[in-house]
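Please keep the sequence and the structure in view while reading.

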Amino acid sequence: MSELRVLNAYAGIGGNRHLWSAEWHVTAVELDPRIAAEYARRYPQDTVIVGDAHEYVMEHAHEFDAVWTSPPCPTHSRFNHSVKGMKNREVKPPDPRLWEEIAYLRDLGGRYVVENVHVYYEPPIPPDVVTLRHYYWVSAAPLLMSHAHTGVPIANEGRADEMAAAYGLPPIPVGAVKDRRLAIRNAVVPIEGYDMAVAAFARELAQCRGSGSGERESAT
């Protein structure tokens, strides 16, 4: 499983990818050129494509062994549809790309993880895993639910470097991206990204970990 070809769509700064095996061949797709450049700085071994992640998923997902996708969350977010969140905002209907990608990847029948926030409405496709901050639709769920799935305390307030430390991520250099705090807030907690990916992409590793014989550092 060391030569797994993984598509990391809507890659952001790569919080989900932080603990993945360096031996996985990862192709990251990110629309924002500055965010994509920060991802490339962090993971120089990955192939980074600046472009529309949804189009790339729908056209190329079948070319990969495994797919991680994190479609934009604002139109699904409970916060953005709260009284505070809607103040001075244009209220938009839920972006259908999330549900299109879940349905497509399920029909494709491969290994996948789709990540998003807790939606404010009844999800038309129920999530397979629910964590403190996220819903996940996965081809296989983690066998061992670590603290990442029962609640990682996250500092959503404070300075960007403090938030990065709370997430377990290196800081973003000043000036690298337009909004460092937002780039970090949009990231998946690395341990959660690891557990979800290993369970869905490399089931044999998850089984080893569940039996107590596997270590996170040996995920290759």
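The structure discussed here is a predicted model.

Asn116 belongs to strand E5. Because its relative accessibility is 0%, Asn116 counts as buried. The side chain of Asn116 reaches the backbone oxygen of Pro71, at 2.9 Å.

## The sheet

Strands of a sheet pair through backbone hydrogen bonds, in either a parallel or an antiparallel sense. In this model, seven strands form an open sheet with mixed pairing, in the order E3-E2-E1-E4-E5-E7-E6.

Strand E5, residues 111-117, pairs with strand E7, residues 134-138, in the antiparallel sense over five bridges. Within this pairing, Val114 has Trp137 of E7 as its bridge partner.

## Helices packed on the sheet

Helix H2 (residues 53-60) packs on the sheet, where it touches strands E1 (5-9), E2 (25-30), E3 and E4 (66-69). The direction of H2 makes about 150° with that of E1.

Helix H8 (residues 190-201) also packs on the sheet and touches E1, E4, E5, E6 and E7. The direction of H8 makes about 150° with that of E5.

## The nonpolar cores

The largest nonpolar core has 23 residues; those that touch the most other members are Val6, Trp20, Trp24, Trp68, Val113, Tyr136 and Phe201. Two or more residues of this core come from each of the elements E2, E4, E7 and H8. Which element gives the most to this core? The answer is H8, with six residues.

Leaving aside residues up to four places away in sequence, Trp20 touches Val6, Asn8, Val26, Trp68, Gly193, Tyr194, Ala197 and Phe201. Another core, of 21 residues, lies apart from the largest one and includes Ala9, Tyr56, Leu98 and Ile125.

## Ile184 in helix H7

Ile184 lies in helix H7, residues 180-185. Is this residue, Ile184, buried or exposed? Ile184 counts as buried because its relative accessibility is 1%.

Not counting residues up to four places away in sequence, Ile184 touches Ile13, Ala160, Met163, Ala164, Tyr167 and Ile172. Ile184 and Tyr167 are 17 residues apart in sequence, and their C-alpha atoms are 8.0 Å apart in space.

Key
Residues are numbered from 1 along each chain as its sequence is written. This is a predicted model: local features need pLDDT of at least 70, side-chain atom pairs count only at pLDDT 80 or more; totals for chains, interfaces and linings use all residues. Side-chain values use heavy atoms; hydrogens and water are left out. Two strands pair if DSSP finds at least two bridges between them. Helices (H or I, at least four residues) and strands (E, at least two) are DSSP runs, numbered from the N terminus. Contact means heavy atoms within 4.5 Å. Axes are lines fitted to C-alpha atoms, for helices over the stretch in contact, and angles run from 0 to 180 degrees between N-to-C directions. A nonpolar core is a set of buried Ala, Val, Leu, Ile, Met, Phe, Trp, Tyr and Cys residues joined through side-chain atoms within 4.5 Å. Buried means under 20% relative accessible area, exposed over 50%, partly exposed in between (1.4 Å probe, protein chains only). A polar contact is a pair of N or O atoms within 3.5 Å; within protein, one must be able to donate a hydrogen and the other to accept it, and residues adjacent in sequence count only if both atoms are side-chain atoms.
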